[in-house]
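Hello,

Here is the structure I said I would pass on. Have a look first, then read my notes below.

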Amino acid sequence: MRRRTQPPPAPLPQRRGVDPVRVRLPGNGAWATVRDHLVARLTGAGPGMVEAMFDAGAVVGADGVPVAPDAPYRPGMFVWFHRELPPEVPVPFPVEVVYRDEHIVVADKPHFLATTPRGSHVSETLLARLRHDLGLPALGAAHRLDRLTAGLVLFTVRPEERGAYQGLFRDRRVHKEYEAVARHDPALGLPRTVRSRILKERGVLAAREVPGEPNAVTRVEITEHREQDGLARYRLLPATGQTHQLRVHLNALGVPILGDPLYPEIAPATAPGDFRRPLQLLARGLAFTDPVTGARHSFTSGRTLQAWTSPEEWSGT
């Protein structure tokens with residue numbers, strides 16, 4: 001089997017915790033220069049943007065030297081540059097570091113903050129914040145939480161160890177505990193284990209349950225409920241990690257999580273900067289045996305769910 005060529009290390013530093021963009025020139029192409037290829041490739045960059053990057057010396061090769069605007073196209077060549085990021089609305093909630101050693105960082109993520117750069121969320125992400133604030137440019141995520149979900153996320157300090165920690169989640173060797181607030185249904189027989197097959201299609205916002213062999217398993221328990229507002233706190237223990245699994249399963253039980261913009265119905269998109277009524281889902285606990293050190297770790301989020309602790313404030317009444 002032909003081995004894939006490993007790219008050289010990035011010659012540019014991060015900006016605000018965000019890596020430079022790396023582009024490898026395709027093996028076949030009719031472009032005369034590197035600039036011609038990037039103009040054709042970066043169609044969303046805006047008129048004259050690529051030319052301005054070359055004029056400013058912002059496109060560099062593996063040696064860190066700026067690539068000339070007329071540099072000939074060489075298949076397989078790597079170039080790097082920093083893309084100009086559109087302004088992002090700051091997520092006005094702090095990130096708490098629960099634990100840190102030479103191998104891992106465990107952070108307590110607030111609602112509305114994406115875990116890693118994706119789409120329109122790049123610098124306003126948990127990963128970018130931690131890289132910048134902790135001075136750890138090689139920090140990487142071992143797993144992810146939805147942007148709307150708060151709670152514990154595990155990061156790895158050393159890239160060469162990332163696979164070992166990601167394997168914990170892949171092999172289901174992590175005990176994960178979540179908390180949710182939803183309507184109380186006294187007729188709902190709990191505790192119970194929900195098993196179903198969940199399908200999440202690319203480009204479709206909501207996942208759905210479909211016939212077939214179950215690929216999503218969640219233990220659902222109720223910890224307490226209130227008569228005055230009809231709400232309950234649920235303890236959720238997922239044995240699998242399908243996209244939106246907990247949200248789909250509680251919705252299927254007839255008690256969708258408060259603040260969920262997708263289940264049971266897709267709500268209109270909120271305006272940027274609207275941080276009201278967060279999804280009432282929290283990654284409360286994370287426990288595992290460290291695959292590098294052998295230590296047993298158990299972490300608990302210090303966050304609370306507003307609909308339970310301050311229902312009037314959460315609902316805006």
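The largest cavity holds about 40 Å³ of space. This is a predicted model, so please read everything here as computed from it. A search of the whole structure finds one cavity of 30 Å³ or more. The lining is made up of H143, L145, L152, K176, E177, Y178, A283, G285 and L286. Two strands, β7 (175-183) and β12 (281-289), each give at least two residues to that lining. By class, five of the lining residues are nonpolar, two are polar and two are charged.

β7 and β12 come up again with helix α4. That helix spans residues 162-170, and Y165, G167, L168 and F169 are buried in it. These buried residues pack against β7 and β12, and also against β4 (104-109) and β6 (150-156). Just after α4, R172 has a positive phi of about 60°.

What about α3 itself? In this helix L126, L127, A128, R129, L130 and R131 are buried. Their cover includes β3 (96-100), β4, β5 and β6. Just after α3, G135 takes a positive phi of about 65°.

Now the rings. The whole structure has seven aromatic pairs. One of them is F93 with F112, which is stacked, at 6.4 Å centre to centre and 25° between the planes. F93 sits in the loop between β2 (78-81) and β3, and F112 in the loop between β4 and α3, so the pair ties together parts 19 residues apart in sequence. F93 is partly exposed, at 29% relative accessibility. F112 is buried, at 9%.

Y99 and F299 form a tilted pair, with 5.2 Å centre to centre and 40° between the planes. Y99 is in strand β3 and F299 in strand β13 (residues 296-300), so this pair ties together parts 200 residues apart in sequence. Y99 is partly exposed, with a relative accessible area of 25%. F299 is buried, with 8%.

Two last items. Ring pairs link F93, F112 and F275 into a cluster. R226 lies over the face of W308, 3.8 Å from the ring centre.

Best wishes

Definitions and conventions: Residues are numbered from 1 along each chain as its sequence is written. This is a predicted model: local features need pLDDT of at least 70, side-chain atom pairs count only at pLDDT 80 or more; totals for chains, interfaces and linings use all residues. Side-chain values use heavy atoms; hydrogens and water are left out. On a 1 Å grid over the protein atoms alone, a cavity is a set of points where a 1.4 Å probe fits but cannot get out, and a pocket is an open set with protein on both sides within 12 Å along at least five of seven lines; lining residues have an atom within 4 Å of a point. Grid points are joined across faces, edges and corners, and a volume is the space filled by probe spheres set on the points. Helices (H or I, at least four residues) and strands (E, at least two) are DSSP runs, numbered from the N terminus. Ala, Val, Leu, Ile, Met, Phe, Trp, Tyr, Cys and Pro count as nonpolar, Asp, Glu, Lys and Arg as charged, and the others, Gly among them, as polar. Buried means under 20% relative accessible area, exposed over 50%, partly exposed in between (1.4 Å probe, protein chains only). Contact means heavy atoms within 4.5 Å. Rings of Phe, Tyr and Trp (its six-membered ring) pair if their centres lie within 6.5 Å; planes under 30 degrees apart count as stacked, over 60 as edge-to-face and the rest as tilted. A charge sits over a ring if NZ of Lys or CZ of Arg is within 6 Å of the ring centre and within 35 degrees of the ring normal.
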